[in-house]
Structures are given as structure tokens and as C-alpha cells.
Amino acid sequence: MGGTKCTETTREEEDFEQLKKLKNRFTYIARSCKEIKDRYGEYEDGEYYLTTANGMLYQTYCDMTTAGGGWTLVASVHENSIYGRCTAGDRWSSQQGNNADLPDGDGNWSNRNTFGAVESATSDDFKNPGYYDITAEDMSVWHIPNNLPLEHWNQAAAAILRYHTENQFLTLYGGNLFQLFKQYPVRYKVGTCSDRGPAIPIVYDHGDAESTKKLYGPNPRREFEPGFITFRAINWESAAMAICSGVKPTVGCNTEHYCIGGGGYFNPEEQCGDFPSFDYDRLGKEQGWSASKEMTEAAVLLFYR
């Protein structure tokens with residue numbers, strides 16, 4: 001009994017110290033994780049509090065170790081039901097059905113709506129004020145299995161794919177995705193397949209070009225080049241998608257099978273959703289277009305620095 005009580009006491013003390021550490025972070029005054037790292041010397045991954053330019057306090061996750069650290073989690077794209085078609089939970093496309101009269105869908109790529117909580121960012125869509133408030137230079141992207149608890153996100157074995165940019169590309173597009181998607185709207189019939197937004201080279205932190213290709217179907221692999229993150233891709237049917245993660249479309253325009261997010265209308269309607277047509281084979285269509293189970297069942301976490 002004595003040994004059990006000692007173990008329980010030790011666990012309670014550890015929990016108390018962890019809570020005290022999190023409470024102390026509440027006193028930091030910073031608009032990004034990079035500012036916290038530079039100003040307060042924090043080097044531990046985890047939850048921190050940030051303040052917007054207007055004084056709004058919010059909680060997010062900071063990656064303080066990858067490529068020098070200082071990365072702020074600003075959003076996650078989570079497909080709550082691969083069988084849903086622009087239904088409830090498809091915040092990064094449309095929750096209002098597949099409707100050509102609503103070409104922007106919910107419009108969350110270029111508005112100031114916020115939703116979700118940082119601790120559930122692998123279980124539901126997430127977007128905090130940092131998405132539009134932080135002025136950044138680069139991005140980092142993590143593909144993390146659905147429902148993985150926050151305390152395990154930074155484990156190397158947890159990630160399906162992790163990478164970052166290092167060429168300060170966001171400085172050319174207003175400093176964040178909010179501004180970038182103002183320049184490249186995610187909207188039905190905004191352009192044609194050739195009207196894609198920027199394709200930015202990436203540096204792999206977990207995975208490589210070959211493993212990235214295998215996360216998508218054999219047919220899409222013939223259409224893209226791995227080693228990039230691409231913004232605002234448009235398919236044959238004039239539907240726009242927000243991000244092609246880890247790849248750059250090069251030949252063909254079937255981007256619904258390997259790009260995420262979107263406007264309010266896809267044709268045919270079975271493509272509509274946050275992961276538009278990642279499950280194409282299930283529908284009895286031509287085989288070989290579906291993304292892997294690992295990719296389909298992972299949340300996409302977006303960071304700034």
C-alpha cells in the first residue's frame with residue numbers, strides 16, 4: 001500500500017507542476033510562437049497562449065523544435081466523414097450542400113471565422129485568430145492520425161508526413177494564408193486548370209518524395225510532382241481546392257483526388273467535401289484514384305513562422 005500511495009503522490013505532483021507551467025505561460029505577451037521562443041526562451045513543444053493585435057487571448061500549439069522551432073499552429077483540416085458531401089463539419093469547403101449558387105462555400109480560407117479547440121485539432125476542424133493575425137514568412141504542415149492526443153503529436157513515429165518551407169514565400173502574399181487566398185480565391189469557376197496559385201518547394205521533416213507519392217493513388221501519381229505545397233488548384237470541372245499538400249500538379253487536372261479544401265460546388269457532387277474525392281474507388285468508379293487510408297484518416301495541421 002505504501003508503494004502505491006507514493007506512486008499516486010508522485011503523479012499528483014507531476015500533474016501539479018505541469019499545470020503550474022501552463023499557468024505561467026498565460027502571462028506571456030506575444031503574437032506568435034516565434035516571439036515566445038525569442039523573448040522568453042521557451043524551447044518545449046506544447047500549448048501556449050498568444051494575443052492578437054486587438055488584444056484577444058487564445059490558446060494554440062507551438063512546435064519549438066522543428067528546424068529551429070517557433071512554429072504556430074493556426075488551423076487543422078479534418079475530414080469528419082469521407083462519405084459526407086459538403087455536409088455538417090466540412091468547414092473548409094461547404095456545410096451548405098453542393099450548391100453552384102454558393103461558389104465560395106463557407107469561405108473560411110479567406111475570412112475571420114474561427115472554430116474548434118487546439119486539443120481537438122486532430123478530431124475536428126480548427127482555426128484560431130493567428131490564421132489572419134500573424135504575419136509570417138514560412139509554413140509547416142503535419143499530417144497526424146485522426147484523434148491522436150495533443151501530447152503525442154510531436155513524436156516522430158506519429159506523423160504520416162511532415163514538412164516545412166524555408167524560402168519566406170509568405171512575404172510575397174501578405175504574410176499569411178488569409179491574405180494569400182484573397183489573391184487566389186477558393187471559388188467555383190474562378191478560373192481554369194492552368195490558373196493555379198503558387199507551388200512552393202518544401203523540406204521534409206518526416207517522409208520524403210517517394211513516400212509522399214505513395215500516400216496518393218497510382219493515377220494521381222502520374223499528375224503531380226512531389227516536394228511542393230501548392231495553393232488554389234482548379235480541376236477539369238472548374239472546382240477550386242485550397243491546398244495540394246506535398247505535391248505540385250503538373251499534368252492533368254484531377255486535383256480533387258489529392259488536394260484538400262474547396263469552394264461551394266463540385267461536379268459531380270460526390271467530389272464535394274474537405275477531402276473532395278479521396279475515396280473515389282469506393283463509389284465504384286475507375287479504380288486507382290483514391291488516396292491511401294493513412295492520408296484519408298489524418299488531420300492536416302497548418303503552422304506559421
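## A charge over a ring

Which residue lies over the face of Phe228, and at what distance from the ring centre? It's Lys248, sitting 4.1 Å from the ring centre. Keep in mind that this is a predicted model. There's another case of this kind: Arg162 lies over the face of Trp142, at 3.9 Å from the ring centre.

## The sheet around S10

Phe228 also turns up in a strand pairing, as the bridge partner of Pro201 in S10. Strand S10 covers residues 228–234, and seven of its seven residues are buried, so the rest of the structure largely encloses it. On one side, S10 pairs with strand S7 (residues 199–201) in the antiparallel sense over three bridges; Ile200 has Ile229 as its bridge partner there.

Put together, you get an open, antiparallel sheet of three strands in the order S7-S10-S11. S7 and S11 are the edge strands with a single partner each, so one side of each has no neighbour in the sheet. On average, neighbouring strands are turned by 5 degrees against each other, ignoring direction. S10 and S11 make a hairpin with five residues between them, and Ser238 in the turn has a positive phi of about 75 degrees.

## The nonpolar cores

The largest nonpolar core has 63 residues, and the ones touching the most other members are Trp109, Tyr131, Met139, Phe181, Phe231 and Leu302. Strand S11 (residues 240–244) is the top contributor to this core, giving five residues. Another core, of 14 residues, lies apart from it and includes Trp71, Ala121, Trp153 and Phe303.

Take Leu302: beyond its neighbours within four places in sequence, its contacts include Trp109, Met139, Leu177 and Ile243.

## Aromatic pairs

The model has 19 aromatic pairs. One of them, Tyr61 with Phe303, is edge-to-face, at 6.4 Å centre to centre with 70 degrees between the planes. Tyr61 belongs to strand S2 (residues 57–63) and Phe303 to strand S13 (residues 298–304), so this pair ties together parts 242 residues apart in sequence.

Phe169 sits in the loop between strand S6 (161–164) and helix H4 (177–183), while Phe231 is in S10, 62 residues apart. Both are buried. They also belong to a cluster linked by ring pairs, along with Trp92, Trp109, Phe115, Tyr131 and Phe181.

Note on methods
Residues are numbered from 1 along each chain as its sequence is written. This is a predicted model: local features need pLDDT of at least 70, side-chain atom pairs count only at pLDDT 80 or more; totals for chains, interfaces and linings use all residues. Side-chain values use heavy atoms; hydrogens and water are left out. A nonpolar core is a set of buried Ala, Val, Leu, Ile, Met, Phe, Trp, Tyr and Cys residues joined through side-chain atoms within 4.5 Å. Buried means under 20% relative accessible area, exposed over 50%, partly exposed in between (1.4 Å probe, protein chains only). Helices (H or I, at least four residues) and strands (E, at least two) are DSSP runs, numbered from the N terminus. Contact means heavy atoms within 4.5 Å. Two strands pair if DSSP finds at least two bridges between them. Axes are lines fitted to C-alpha atoms, for helices over the stretch in contact, and angles run from 0 to 180 degrees between N-to-C directions. Rings of Phe, Tyr and Trp (its six-membered ring) pair if their centres lie within 6.5 Å; planes under 30 degrees apart count as stacked, over 60 as edge-to-face and the rest as tilted. A charge sits over a ring if NZ of Lys or CZ of Arg is within 6 Å of the ring centre and within 35 degrees of the ring normal.
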